[in-house]
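Please look through the sequence and the 3D view below before reading on. The paragraphs that follow then lead you through the structure step by step.

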Amino acid sequence: MERLTPGTPAPQFTLPAAGGDTVSLADYAGQKVIVYFYPKASTPGCTAQACDFRDNLASLISQGYAVLGISPDSVKALDTFTENQELTFPLLSDEDHAVAEAYGAWGEKKNYGKTYVGLIRSTLVIDEKGIVEVAQYNVRAKGHVAKLRRDLGIDS
């Protein structure tokens with residue numbers, strides 16, 4: 001899969017969300033959006049990352065950023081994750097990983113010496129015009145939001 005780079009148009013998408021809604025990137029036209037891809041709801045790393053976004057959401061919103069989380073989980077799994085962690089931003093289900101592929105967040109991974117294909121933890125920031133502003137791949141779950149805030153020039 002080819003990774004996106006800053007300056008390229010962000011692929012459009014519409015996905016089912018936790019809570020039964022459908023969310024499109026087009027819903028955020030004219031707004032900056034942080035789209036982050038994570039492998040699996042309710043796992044330790046993904047929970048830490050989601051809670052980090054939740055805990056920083058007010059300050060991200062105050063700087064003009066919306067947050068969307070995307071994983072290959074079912075809507076039912078996302079409903080449970082959202083409820084258990086009291087998440088306050090949309091989590092989207094990409095079960096066929098088509099959106100992850102379009103964003104370069106699906107591909108070969110290595111873990112404990114094994115190579116396989118799966119979701120690559122990634123974060124992209126899309127500007128008000130739908131252009132990729134920041135593209136970060138193979139990010140760490142813990143500490144990532146703080147690094148992203150620094151990269152975006154947001155004081156913590």
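Predicted model: local features only at pLDDT ≥ 70, side-chain atom pairs only at ≥ 80, totals over all residues.

**From a loop to the core**

With a relative accessible area of 46%, S42 is partly exposed, because that class covers values between 20% and 50%. S42 has its place in the loop between β3 and α1, and its phi is near 65°, a positive value in a residue other than glycine. Most residues other than glycine have a negative phi. A second residue of this kind is E86, which has a positive phi of about 55° although it is not a glycine. E86 is placed in the loop between α2, residues 75–85, and β5, and it counts as exposed because its relative accessibility is 61% and the class begins over 50%.

In soluble globular proteins, nonpolar side chains tend to be buried together. The largest nonpolar core in this model has 25 residues, of which F13, F37, L68, I70, L92 and Y103 touch the most other members. Several elements supply at least two residues each to this core, namely β3 (32–37), β4 (65–71), α3 (98–102), β8 (122–126) and β9 (132–137). If we leave aside the neighbours within four places in sequence, F37 is in contact with I70, V99, A100, Y103, A105, L119, I120, R121, S122 and L124. There is also a second, separate core of 23 residues, and among its members are I34, L87, F89 and V145.

Which residues lie closest to the centre of the largest pocket? The volume of this pocket is about 340 Å³, and of the 16 residues that line it, P39, K109, R121, V139 and R140 are the closest to its centre. Three elements, α1 (44–62), β6 (106–111) and β7 (114–119), each supply at least two residues of the lining, and β6 gives the most, with 3 residues.

The axes of α1 and α4, the helix of residues 144–152, come within 9 Å and cross at roughly 35°. On the side of α1 the contact is made by Q49, D52, F53, N56, S59 and L60, and on the side of α4 by H144, V145, L148 and R149. The residues of this contact divide into 4 nonpolar, 4 polar and 2 charged.

E95 is found in the loop between β5 (91–93) and α3, and it is exposed, with a relative accessible area of 54%. Leaving aside neighbours within four places in sequence, E95 is in contact with P72, D73 and S74. E95 and L15 are 80 residues apart along the chain, while their C-alpha atoms are separated by 9.5 Å. P6 lies in the segment before β1, residues 14–16, and it too is exposed, with a relative accessible area of 52%. P6 touches V132, E133, V134 and A135, not counting residues up to four places away in sequence. The C-alpha atoms of P6 and K76, which are 70 residues apart along the chain, are separated by 33 Å.

Definitions and conventions: Residues numbered from 1 in each chain as written. Heavy atoms only, no water. Core = buried A, V, L, I, M, F, W, Y, C linked by side-chain atoms within 4.5 Å. Buried < 20%, exposed > 50% of the residue type's maximum accessible area, 1.4 Å probe, protein only. Helix = DSSP H or I, 4+ residues; strand = E, 2+ residues; numbered from the N terminus. Contact = heavy atoms within 4.5 Å. 1 Å grid on protein atoms, 1.4 Å probe; cavity = no way out; pocket = protein on both sides within 12 Å on 5 of 7 lines; lining within 4 Å. Points joined across faces, edges and corners; volume = space filled by probe spheres on them. Axes fitted to C-alpha atoms, helices over the stretch in contact; angles between N-to-C directions. Nonpolar A, V, L, I, M, F, W, Y, C, P; charged D, E, K, R; others polar.
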